[in-house]
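Reader: I am new to reading protein models. Could you walk me through this one, step by step?

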Amino acid sequence: MAETSEARASASAPGGDAGGEDDKHDERMLECNICLDTARDAVVSMCGHLFCWPCLHQWLETRPSRQVCPVCKAAISRDKVIPLYGRGNTKQEDPRNKVPPRPAGQRTEPENTSGFPGFGFGEGFHMSFGIGAFPFGVFTSTFNFGDPRPSAAPRGTAQYDEEQFLSKIFLWVAILFVLWLIFA
Amino acid sequence: MAAMSPSERRLQKELMSLMKEPPPGVTVDGDQASQNLTLWTVHMEGVPGTLYEGEKFVLQFKFTNKYPFDSPEVTFIGNNIPIHPHVYSNGHICLSILTDDWSPALSVQSVCLSIVSMLSSCKEKKRPPDNSFYVKTCNKNPKKTKWWYHDDSV
Ligand SMILES: [Zn+2]
Ligand SMILES: [Zn+2]
């Protein structure tokens, strides 16, 4: 094997060799700057550097307080990388969504996993009405009225209105409950 | 071949390219490294025209399974430790890319090139001013040292 390629190399003109070098160079351009393999679930940073998302993710987790591009030290973050979708990639799933979950402390997007099965309202007001913390529950829900938590649906949407409506009902239920406790 | 861990895969790739296209004056002990990918010995020659011309040095690289996210532990070993303001007589090197400024895009090759250029730009052969104190008190692992980086231009 080695002999043949050597023979070929010595036989071919310098021009032919250069072509081979170019091919190799092209391949390297698509290599991840961290694992040096062809980038899988590729993302590119704002500074133009290519990584596998899992590789870059691990680097960002290694130094969470100082997130810089491994190649050029430019600032870099999860939200400032662009996923790349090649032609063969049929699913076109954002690679950033399938990496191992980030460590605790990171809030996930709101989902309809309600603390009160059967009600199905958004996360905004769940648990405020736990009986143990009851007086605080009333307080927090009142307090929350004009100040929806970040997880609440954006103002103006149908979901937002629904949440407002539901929370109002809950406030009234809570007040009735207080009255019942006092007068019963 | 048995499944390699990501760090082994990357070390294997680096070893191949370093053996194929070594930077001038740098040679890796390929047999030793391929037997144990986590411990490499690199031979380095002083660059002609610098204070270290004609000298030969040996560097040791130790890698953890977190490489390349974790920097390698790099020290001079053997009986010729370069006399340089950033190199302690026990072989420890004060070079920021080996700790604080490490990045997973760096490699054995880029570390070697940095060390070559660090030696080549030296204007006066001398030990660091705190050499004897440091050598007496330091941890065996230079990465445990809280380095206070000297001026890089020396
Ligand atoms: Zn990668
Ligand atoms: Zn960059």
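Author: Happy to! The side chains of B:His92 and B:Tyr134 are joined by a polar contact of 2.7 Å. A polar contact is a pair of N or O atoms within 3.5 Å; within protein, one must be able to donate a hydrogen and the other to accept it, and residues adjacent in sequence count only if both atoms are side-chain atoms. This is a predicted model, where local features need pLDDT of at least 70 and side-chain atom pairs count only at pLDDT 80 or more, while totals for chains, interfaces and linings use all residues. Residues are numbered from 1 along each chain as its sequence is written, chains are lettered from A and ligands numbered from 1 in the order in which they are written, and side-chain values use heavy atoms, with hydrogens and water left out.

Reader: Is B:His92 buried or exposed?

Author: B:His92 sits in the loop between strand 4 and helix 3 (108–120) of chain B; helices (H or I, at least four residues) and strands (E, at least two) are DSSP runs, numbered from the N terminus. Buried means under 20% relative accessible area, exposed over 50%, partly exposed in between (1.4 Å probe, protein chains only). With a relative accessible area of 3%, B:His92 is therefore buried.

Reader: Which residues coordinate the zinc ion (ligand 1)?

Author: Donors are N, O and S atoms within 2.8 Å of the metal (3.2 Å for Na, K and Ca); water is not among the atoms, so sites may look incomplete. The spacing of the donor residues in sequence is C-x2-C-x16-C-x2-C. At 2.2 to 2.4 Å, the zinc ion (ligand 1) is coordinated through SG atoms by A:Cys32, A:Cys35, A:Cys52 and A:Cys55.

Reader: Why is the arrangement around the zinc ion (ligand 1) tetrahedral?

Author: Four donors count as tetrahedral if all angles lie between 85 and 135 degrees. The arrangement is tetrahedral because the four donor atoms around the zinc ion (ligand 1) subtend angles of 106 to 113 degrees.

Reader: How many residues apart in sequence are the parts that A:His49 and A:Cys72 tie together?

Author: Both are donors of the zinc ion (ligand 2), A:His49 through ND1 and A:Cys72 through SG. A:His49 lies in the loop between strand 1 and strand 2 (50–52) of chain A, and A:Cys72 in the loop between helix 3 and strand 3 (81–83) of chain A, so the pair ties together parts whose separation in sequence is 23 residues.

Key:
Tetrahedral: all angles 85-135°; square planar, octahedral: opposite > 155°, others 65-115°.
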